[in-house]
Amino acid sequence: VSVLREFLPVQVRSRYTGPGALTVERAATGYEEQDRPTFLWVHLFDAHGPYPPPEDLREAVLARRDEGPHAVSAELEENVLLQRGEIAWLDALLGELRQSLERRDPGLENTLVMLVADHGECFGEGGLQENHESSLFAATQHVPAVVRLPGSVSDARRGVRLGSPVSHIDLAPTVLDLAGLPAIPGAQGRSMLPALRGEAELPEIGRYMEAYQQRLGDQRLSGWVKGGWKVVWALDGSAALYHVDSGDRDLAAERPELLEELLREGRAYLEGLPLRESAGMDLELEERHELQ
């Protein structure tokens, strides 16, 4: 993908990831053909770079360029705006997808909807230029999530924001809980259903994160977030401390005791995770390429 981004024309690169309109069309068609309870997962890629939104949305976002948020690096400001146009395009596509859901289940009485982003993008945060793979900054890790319980859930809270942070690993436990299915043995996440129903607020707990793609090599990072603080440590033992209000400014020198406390917690959590060893597979080069 990195090579494609570097050398292929924008139009070809955009097609490489699959246009959102085609993805939604395929998802809607397949979904409406089902006649039994169905799990539908749709991944829209359009907000990734490059950023060629439809022309009307491009003009709209450029006309409102003074509105925030803005890029940390001034030279990336236009790309931030164009990405905003891409997000507006995704919003329109999601509207079409919802119409499909409603055709099968009017009022979404029996449909659980979860809308989440997988990551954000750095536009200058920490010196990173249009990069998310090597970042644990809030720009890539603090992502939106909207959960709508089925209309038939009479005690569902509507239009409210949960008081404590949650994570992607909480999605599957929530789905299983709502469906009345057994929990995943050893699951790291927890069901959000009690909070979504107003039965109990979720206590804040520490959350682990990592930038650990193999291609990052010695630059791989781990992180631990708790109580508005985040510690990030590298393979060479170096560590940094950030606060939710400090942006990407390292506060380790100002709070060394807190740095060490969060480091101990984060590393202990990581060491306590079960390891699942691969049984090993002898793959042909073409198969390995397809999987990668």
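Throughout these views, contact means heavy atoms within 4.5 Å. This is a predicted model, in which local features need pLDDT of at least 70 and side-chain atom pairs count only at pLDDT 80 or more, while totals for chains, interfaces and linings use all residues. Residues are numbered from 1 along each chain as its sequence is written, and side-chain values use heavy atoms, with hydrogens and water left out.

View 1. Let's start with His243, which lies in strand S8 (strands are DSSP runs of E, at least two residues, numbered from the N terminus). His243 counts as partly exposed because its relative accessibility is 22% (buried is under 20%, exposed over 50%, partly exposed in between, with a 1.4 Å probe and protein chains only). Leaving aside residues up to four places away in sequence, His243 touches Gly228, Trp229 and Leu251.

**View 2. The largest nonpolar core.** A nonpolar core is a set of buried Ala, Val, Leu, Ile, Met, Phe, Trp, Tyr and Cys residues joined through side-chain atoms within 4.5 Å. The largest one has 13 residues, and Leu136, Phe137, Ala211, Leu221, Val232 and Tyr242 touch the most other members. Strands S5 (207-211), S6 (221-226), S7 (229-234) and S8 (239-243) each give two or more residues to this core. A second, separate core of 11 residues includes Leu241, Ala252, Leu259 and Leu263.

**View 3. Glu121 in its loop.** Here we visit the loop between strand S1 (113-116) and strand S2 (122-123), where Glu121 is found. With 14% relative accessibility, Glu121 counts as buried. Among the residues Glu121 touches, beyond those up to four places away in sequence, are Tyr51, Gln83 and Ala139.

Conventions. Helix = DSSP H or I, 4+ residues; strand = E, 2+ residues; numbered from the N terminus.
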